[in-house]
Each structure stands twice: as C-alpha cells, then as structure tokens.
Amino acid sequence: MSVKAFELVPAVERDLLMGDKARINIECIECCGKHLYMGTNDCFIHHFLLDEVTSSKGKLSYSAQKLLHKYLGLKKPVAELRAASALERLIVLCDGIVFLVDMVTLETVPSAAGGGAKIRGVTAFCINENPVNGDPFCVEMGVLSSKRRTVQIYMVYEDRVQLVKEVTTPEQPCAVSLDGYFLCLALATQYMILNYNTGASQDLFPYNSEERRPIVKRIGREEFLLAAPGGLGMFANAEGVSQRAPVNWSESVIGAAVCFPYVVALDESFITIHSMLDQQLKQTLSFRDGHIMQDFEGKVILASTKAVYVLVPLPLERQIQDLLASHRVEEALILTEGAQQNIPKDKFQILHKRILQQAGFIQFGQLQFLEAKEHFRKGQLDVRELISLYPLLLPASSSFTRCHPPLHEFADLNHLAQGDQQKVLRCKKFLITYLGEVRSTEAANGCREDVDTALLKLYAEQDHDSLLDLLASDNACVLADSVPWLEKYHKYFALGLLYHYNGQDTAALQLWIRVVDGDLQDSTRSDLYEYIVDFLCCCSNLDIVWKYADWALRKDPTIGVHIFTKRPASKDQSELSPDDVITYLGKHSQALLLYLEHLVLERRTQKEKFHTHLAVLYLERVLSLLSESPTDEKQLTRARERLQALLRESNLYRVQCLLGKIENCEQLLLERATLHGKLEEHDKALHILVHKLRDFPSAEAFCMWASSCQDSAYRQQLFHLLLGVYLDGNQTATGGGSGDLEMAAVDLLNRHGEVFDAVRVLRMLPEGWSLQLLRPFLGQAIRANMHACRTSQIALGLARSENLQLLHDRV
C-alpha cells in the first residue's frame, strides 16, 4: 500500500546549468556537504553550492548558486566523479583516465615528483567507504581495467595514486563496489564476492550484462544491493548470503539507492520506492529522462540530462502518522521498529511507545480489543487515557489531562460509537476486562484511585458480579464519586461495603437496615439480615454493637442472638461481658434463653447464677405451658426434657430455689424427685417415683444416675434403699398395688443382682416368697460369692508367697 515517503525537489534548474547551450547533458554528479559537482558531456566540471531553504509551512526547497566551471581539456564526457573531502580532491574518470582535480579551483593536480597522479585504461572505479588503511589522509579505491580481467586496489593521496593490490577475475568485470577487503563485482555473466586480501571468492547468481545495465551498490557495512534477473533487487552480504528478502522492482532499473528503510530505484519513467522491512511498494514518482541516481550521506540525488533533483525523505514521524491516519497499523509499526537503528535510543523509545499507543486506539476504535490491549501494554499507556474516553468515569478529583498532541481522534465513547449502543456495550466490557488486569500492575501506579473508581462505576452500571469482590478487597475507590453512582444503580449493599472499607460502619449499617426494612430496594443479597448479624458479630466497636443489636433482636431473636453467641474470641476483638449481655437481653426473653443456653451448655460456663437463671427460665416455660388451655403436649414434653436434662447434668444451680417453685406442683413430680436427689434426699425422691408416680423404670434410672459418680458401696446402698421402698410399700399397700411393687422388687433383683448384698437381701425378703421367682438373682449371687471367695483365696495365696519370699531374702 502506498505511503508518501519522499518528495522530489528541484535542485539545479536547466537554465542555471546550460544557459543558452542546448547540447550540454549531465553525465555524472557528486555531492559533498553543500557542494554539488556535475560532469557534462562537453568535458566540463560544474561546481554549485546548494542551500536548503525551509518555508514557514515547513516545506523544503533548494537554492543553487553556481561557483565555478572548468574545462578538463579532453574531448570525451566526464564519466565519473568522486569526492575525497579529506584530501580536498575530486577523483575524475574521463576518456578512460582517472586523475585528481582540486575541489575548490577545479584545476587538475600535477603529478608529484617520482609518482603518478593518473591511471589509464579505466572503465569504472569506486571508493572504499570502509577503508582498511588507517591513514586519514589516504583514500582507498577499486579500479576496473579495460584491457585486463583484473581489479586494482589503489591508495589515493593528495598528489599521487599508488597501486597496492591487483586481483584477477574469471571474467571481465563491468561494475564494482568495495567494502573493507570485500569486492562485489558484476562480471559479464554473473555477480560475485571477492576478498582481495585472501583471494577467497563466492559466486552469487547469474546475470547477463549485455541485456541490461548491472547495478552493484554498497548499502552498509559488508552489505550490497544488486540488480538480479526477473526485476528483483537482491541483497547480499560479504559471505554471499542474503539476509533480507528481495524487492520486486522494474526490469529496466538503471539506478538504485538506499535511504533506510527504503530502496529507491530509477527506471526510464519512474522512481519506485520499496520498503526494506516488508518489501512492499510504498510510493511511485513520475520522473522522465532520468539516468543518474546517487545517494550521498543519506541524501538521494537524481539527474536527468538537463537538471538535478533531490529526493527529500519526509520525516519518519510524519510517514508513520500518515500510515496511522490511514489506519494502517501494522505498516506503521513495522516502519517504526525498522527505523530503530537510525534513531537515538531514548528518542526511539519515546516514539515507539507513542506509536504503539496510537495503534492501540486505532484498533480499539475498530473493536479489535485483543490487539489494542497488547499495544496498550507494550506502549505502557497511561490507563487514564483510555478511561477518559468514557464519560464521567474519572473521579472529579482526578488531575489527569489528555496527552497532547492527542493519541486518537475520538472526543469520547459516544463519538466513537456513533449511537451504536451495542458498540458502546462492547467497549465497556473491554474496559472492565482491561482495568481488572492492570489495576494490580505497574500500569496503575500513581493512578490507582482513578482506575478503581472507574472500575466500580462500570461494575455498578453493568451489574457485574465482581463489584462486591472489588469492594471487599483492598481498593482505592474515591468515596465522594462512588456514592452517587452506587445509589443511582441501587447498589446499596455494595455502598455499605464501601462505607465499611472507609471506616464508616455506622453509615453502612444504617443503609443495610433500610434495605432489610424495605425502605430501599436492592436484591444483591437475599440474606442481608443474616449478613448484618454476622457483621455485628465481628464488629470491634462495641458502641455500634449495642446500638444495632436491638434492631436485629426485634427482627428475629433466634438469629439476632448470634451477635453474642457467635462472637469470635481473639486478641483484637473487644470482649463482651456476659453479665452486660444478659442485662441487655432482659427485654428479649427468647434471645436471653438462647444466650444462657450458649453460656451453660456450649461454653460450659461454671457460674451458679447462669445455671440457676437458665433453670428458672426452663421451669417458667414449663409452668407457662402447663397453665395454657388446651395444653400443647409436644411443646410441653420438649420443655420438660430440657429442664430435666439440665437438672440432672448441672451441679451449680440453687436447688432449694427451684424446689420451692415446684413444691406444690403435682404435675412436676419427676423434676421434684431429681431435685431431692441433688440434695441427697434419696428416700424422698424414691418415694415420689415409686408411690406417687408408680414409675419403676424411672426409679431404677434414678439410682443409676444418683450413683453414677460414686463408688459401688454407694450404689449398693441406693439399690437397697429402693428395694426397701418396694418391700415396705408392698406391706402397707392393699389390693392390686401390692402385686405391682412385689413384681417391681423381683425385677429389680433379677436385673441388678450383682449390685446387691445377697445375705442382706435374703434377710429383707418376706418368708412367703417363692425361690423360683428369685432364681436369676440367687444364681447371680452364688456365682458372685464364689468368684469373690476364690479371688480372695488367690490374693491370700499370693500374699503368703510374697511373705515367704521376703523372709527367704532376709535370711
């Protein structure tokens, strides 16, 4: 694709050169600084002074002043001119003779004594621009002889030339270029590289010099440009290897030059300009009758037979900007990166970053987000340049101003999208992704507030799931800008998180409470009430806890009490006094009960007042249910089970206090029995269980429970007491009741025979009882007695044995 890389500017007009002499033609040119030399077909050398003139609009032109012209005294055209500025000499080829001319006076330099200043029989010559001789006042020159297949190497001094090397070639050379020890030659049928120091040679590729004029052009250190068959411009280095792709120029090229990164070629009608970076044709200029093209110190000069022109390269930055203006991003980047070697490192880095940023915005405008993101990253874009495209995303406190000159052509996102809301949405989604990636990198250094605030606004607007993650983590969102934005999109839970992050817990709780109470609408969390409870549970500010716990308890006491029961214990967390909590919960009976259960049953707090308080609440609940009509049996059963469990398991409550409350309650006999057991009034307890409740399994269970932490003698005593209650009751009872107690006594003996003292039991039993009823008990008793007897005999035997052993040891 085309790009305007050069402008063709006239340097020496026809009239200035020829005057009224119409037959004068330019044959060769040479430029040294501001000095331009031309050789003409009438054997004259013309000397001009070229001055660059820049207009107010930045346009470059040339002003030529003719200083001198000189006739060389020969009848042939001047074929070649080369300047040796260190010697103040021009090396001239005319009529097959190379000789020296003074650059100022244009006088031919006479030969020095004992040396010659002329070389005869020459068809072409070239200057070694990478000389191997260290003498600064000596020029190295390669010469082609018209009579021999040789290349001669000369040293040119101020007033003489000296042959130092002659190298034979396989064919007659017709063009030559020299770099260091390397000769690049166009022979009659091929190109070759020849090292004149070692004699090593490397054939390159065939070429017919009779069909078209060969081109051998040194373009850099040990690198040459050659005209190859098929209209190709080939590159070759000193090893004969092409490290660049060829350019496809015209079949009829008559001259070529390199002005990096371009290859400029001249044919009969046009100047073509190809890129060395991507080998594409970039520009074509019409130029008829052109027959000379040379590059001098980066300046490309062309000549027709009548006038001289300078091919002026446009500034590289302008070329790149033109490419970017045409949205040719890849070409602009290739041109930028290819020009690295010609630009100082610091300047290149600045230029390269800016071009990458501009390229990124072009691709962003084309919705090529992956490519845009990569260019933004490589170009180290100030992310605020991108954010500023989105209206209102930057906080009002931001000091950012856009780069000048601007990196893009967009006023804002609306200008870019031209009303296409789908495009706007895609751009916003890209920014969300991009900001999420860069906010924790160096790209956000110094502008974290701008980045996080913009990200918050986008998340809120797009109802993005990551909004809460942003606010729950370390962030730099600007509160003043974020509050109205979150309110606008009804993100009250998120706003509360932001308040909390900024240390405004009261504001956060007030906002959340309004959402739970229905004053504000926000569906972010359906469990917001539970979240508030958890928040208060972990809150270190006790004033806030006391202030808002009442609301939570009124809302749901069973969950609200978690503020106190699930409060984590840590060094950083302020402790709540249980006494203060119990006082606070006085008006929330259900929560108070749950809290006391937490203290007594979960935390195992060993304080009498908490145990007594809980037992009293349990008892009051049972009494309340008993007083209801009709009574809810399920609730009553559960309430009594909890009371009974506490009465059995706790040893800290005030027994007399509770006993006084149920002394006259005949519906809570089991609980009274348990309390008498706590007072070790076992006879009263068993009397209630056996005679009032007629609950024989509970009586046995009572004996097991009351003796659970005692020795076997204590347990035996209790069971004997129960047996006595059964037997005494059997004697006093009349009717069917006596039979129940008799069977209860038999069952007790048969089930727990190992506990009883058999002899004592036999003395207690009525004489009329059948031994058959007591068979299980008597079997257990006999086995137990035999086991005890034998065990004691064994123990006695062991003791005697040990005693004898001790006596023996003493003797």
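1. Let's begin with a helix pair: the axes of α13 and helix α15 (residues 542-555) come within 11 Å and cross at roughly 10 degrees. Axes here are lines fitted to C-alpha atoms, for helices over the stretch in contact, and angles run from 0 to 180 degrees between N-to-C directions. That crossing makes α13 roughly parallel to α15; angles under 35 degrees count as roughly parallel, over 145 as roughly antiparallel, 65 to 115 as roughly perpendicular and the rest as oblique. Helices (H or I, at least four residues) and strands (E, at least two) are DSSP runs, numbered from the N terminus.

2. Before going on, a word on what you are looking at. This is a predicted model, where local features need pLDDT of at least 70 and side-chain atom pairs count only at pLDDT 80 or more, while totals for chains, interfaces and linings use all residues. Residues are numbered from 1 along each chain as its sequence is written, and side-chain values use heavy atoms, with hydrogens and water left out.

3. Who touches whom between α13 and α15? On the α13 side you'll find Asp505, Thr506, Leu509, Gln510, Ile513 and Val516, which meet Ile544, Lys547, Tyr548, Trp551 and Lys555 in α15. Contact means heavy atoms within 4.5 Å. Sorted by class, the residues of this contact come to six nonpolar, two polar and three charged. For the classes, Ala, Val, Leu, Ile, Met, Phe, Trp, Tyr, Cys and Pro count as nonpolar, Asp, Glu, Lys and Arg as charged, and the others, Gly among them, as polar.

4. α13 (residues 505-516) has another partner, helix α14 (residues 528-538): their axes come within 10 Å and cross at roughly 155 degrees. α13 and α14 are therefore roughly antiparallel to each other. The crossing of α13 past α14 is left-handed, a term used if the near helix is turned anticlockwise from the far one by less than a right angle (right-handed if clockwise).

5. Which residues make the α13 and α14 contact? Asp505, Leu509, Trp512, Ile513, Val515 and Val516 in α13 meet Leu528, Tyr529, Tyr531, Ile532, Phe535 and Leu536 in α14. That contact splits into eleven nonpolar, no polar and one charged.

6. Now for some sheets. Strands of a sheet pair through backbone hydrogen bonds, either parallel or antiparallel. Strand β20 (residues 232-237) and β21 are joined in the antiparallel sense over two bridges, and Gly233 stands opposite Val247 in β21.

7. Another open sheet of four strands runs β22-β23-β24-β25, again with antiparallel pairing. β22 (255-259) and β25 (281-286) are the edge strands, each pairing on one side only. Neighbouring strands of this sheet are turned by 20 degrees against each other on average, direction ignored. Strand β24 (residues 270-275) and β25 pair in the antiparallel sense over five bridges, with Phe270 opposite Ser286 in β25.

8. The loop between β24 and β25 holds Gln279. Phi of Gln279 is near 65 degrees, a positive value in a residue other than glycine.

9. Where are the cis bonds to look at? A cis peptide bond joins His404 and Pro405, with omega about 0 degrees, and Pro405 sits in the loop between α6 (383-387) and α7 (413-417). The peptide bond from Ser629 to Pro630 is cis as well, with omega near -5 degrees; Pro630 lies in the loop between α20 and α21 (633-649).

10. Last stop: Glu171, in the loop between β13 (161-168) and β14 (175-179). Leaving aside its neighbours within four places in sequence, Glu171 is in contact with Arg149, Leu187, Ala188, Thr189 and Gln190. The side chain of Glu171 makes a polar contact with the side chain of Thr189 (2.6 Å). A polar contact is a pair of N or O atoms within 3.5 Å; within protein, one must be able to donate a hydrogen and the other to accept it, and residues adjacent in sequence count only if both atoms are side-chain atoms.

Terms used
Two strands pair if DSSP finds at least two bridges between them.
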